[in-house]
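Opening the notebook on this one. I'll go through the sheet, then the DNA side, then the chain contacts.

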Number of protein chains: 2
Amino acid sequence: MSASYVLLGLLARGPMHGYELKHAYDQRLPRAKPLAFGQVYSTLGRLERDGLVTQAGQDQAGGPERTTFAITGEGRAALEAWLSDVEAPAPYVTSALLSKVVVALLVADPARATEYLSAQQQAHTTRMRELTRLKSDQDLTVGDHIAVDYALTHLDADLRWLQSALHRVADLHREVRS
Amino acid sequence: MSASYVLLGLLARGPMHGYELKHAYDQRLPRAKPLAFGQVYSTLGRLERDGLVTQAGQDQAGGPERTTFAITGEGRAALEAWLSDVEAPAPYVTSALLSKVVVALLVADPARATEYLSAQQQAHTTRMRELTRLKSDQDLTVGDHIAVDYALTHLDADLRWLQSALHRVADLHREVRS
DNA sequence: GACCACTATTCATCGAGTGAATAGTCTGCG
DNA sequence: CGCAGACTATTCACTCGATGAATAGTGGTC
């Protein structure tokens, strides 16, 4: 995943220990999939094993012992490579929406698939309204704003796809049942 | 993941053994993330453990021994529940594109982020052209068609987001560097 | 009869992700 | 004063998802 690169990126701004790192992550990527503390430490372990970060001292100043980690030269190189890499655009399509429609047609009938698609349209529309309302909030950070925009454009894409899928339910049913 | 429900859905049409199941999966969800044989068997193991499928006989007719699995009543109920469940629309935003822009701004400068965004736009545009060309193929199944549509609408969403992100690079940089 | 392709499954291993456990410090409140 | 509760910081056990290689038998073909 890209989570390890994000941690690496955060460490590139200066050494930190796990707990700090987790908060920095939450702050820089609000609305991202929540990252558990446990995951931070296991990821740090892998990064250390791979030589991308090193322990930069044990601290024990008031509070539990904590280990500060710093990025290494190799780590900076890996980060740089990741930043230069373009993400492969849609090499394959994994969507719960798509799977569900196909399965609905496999085990039930077109009516069932249509029912699901409509319910999902409804849920999407509601969510879009929520997020649109949220966008007009004054106290939204730029990070929030850009994340919400991402969600909105993709919800809109889903909706357009759901609509076109509705039109194809009958065709797909015929194919799936052959 | 939804892969286990898809397998369950395929078994709902009749008992099968792992190898058959894997091919049925490939056929019904072309363009989905490839599912390795190993995964099919481990998933079947979990489904069996949870009582959603049962072994329905060992067969040894020419070739290696194979175990046929059948869906149970409990399995049908679980499948039904999954089909009735609407997917939570965009509860959070995890996108490599978004992460990369944020990290680029953290460790480098706006120029670097802009460079990345442009390169990604380029790659997306190329991929969209490929997929659009593919859509005009005659020998495309309905399943393929609907999957390609999904990819296309989402590539378009990415492109619109990339454009808006380009406009916000300066703002985001200021925020991230505070 | 050596080789290759195909059927069918298992295994070892790793990374991702979750929740609970542990343990120390600091703050406030009665 | 003493103790509850919140916060800092990390570890652990465990499950799921995913990958690649290993194993083993069968059928066809040159």
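This is a predicted model: local features need pLDDT of at least 70, side-chain atom pairs count only at pLDDT 80 or more; totals for chains, interfaces and linings use all residues.

**Sheet in chain B**

S2(B) and strand S3 (residues 66–71) of chain B run antiparallel, and I find five bridges joining them. Checking who faces whom, I see B:Asp59 opposite B:Arg66 in S3(B).

Next I looked up the whole sheet. It is an open one of three strands in chain B, ordered S1-S3-S2, with antiparallel pairing. Strand S1 (16–17) and strand S2 (53–59) of chain B each have a single partner strand, so they stand at the edges and one side of each has no neighbour in the sheet.

**Around DNA strand D**

Which residues come nearest to DNA strand D? Out of 26 around it, I get A:Gly18, A:Phe37, A:Gly38, A:Arg66 and B:Gly38. Then I asked which elements give two or more residues to this surface: from chain A they are helix H2 (18–28), helix H3 (37–49) and strand S3 (66–71), and from chain B helix H1 (3–11) and helix H3 (37–49). H3(B) has the largest share, with six residues. By class, I note 10 nonpolar, 12 polar and four charged residues.

**Chain B against chain A**

Last entry: contacts between the chains. I count 61 residues of chain B in contact with 61 residues of chain A. On the chain B side, H1, helix H4 (73–84), helix H5 (96–107), helix H6 (110–135) and helix H7 (142–176) each supply at least two residues. H7(B) gives the largest share of that side, 21 residues. I sorted the side of chain B that touches chain A by class too: 35 nonpolar, 12 polar and 14 charged.

Conventions. Residues are numbered from 1 along each chain as its sequence is written. Chains are lettered from A and ligands numbered from 1 in the order in which they are written. Two strands pair if DSSP finds at least two bridges between them. Helices (H or I, at least four residues) and strands (E, at least two) are DSSP runs, numbered from the N terminus. A residue is near a molecule or strand if its C-beta atom, placed from the backbone, lies within 6 Å of it. Ala, Val, Leu, Ile, Met, Phe, Trp, Tyr, Cys and Pro count as nonpolar, Asp, Glu, Lys and Arg as charged, and the others, Gly among them, as polar. Two residues are in contact if their C-beta atoms, placed from the backbone, lie within 7 Å.
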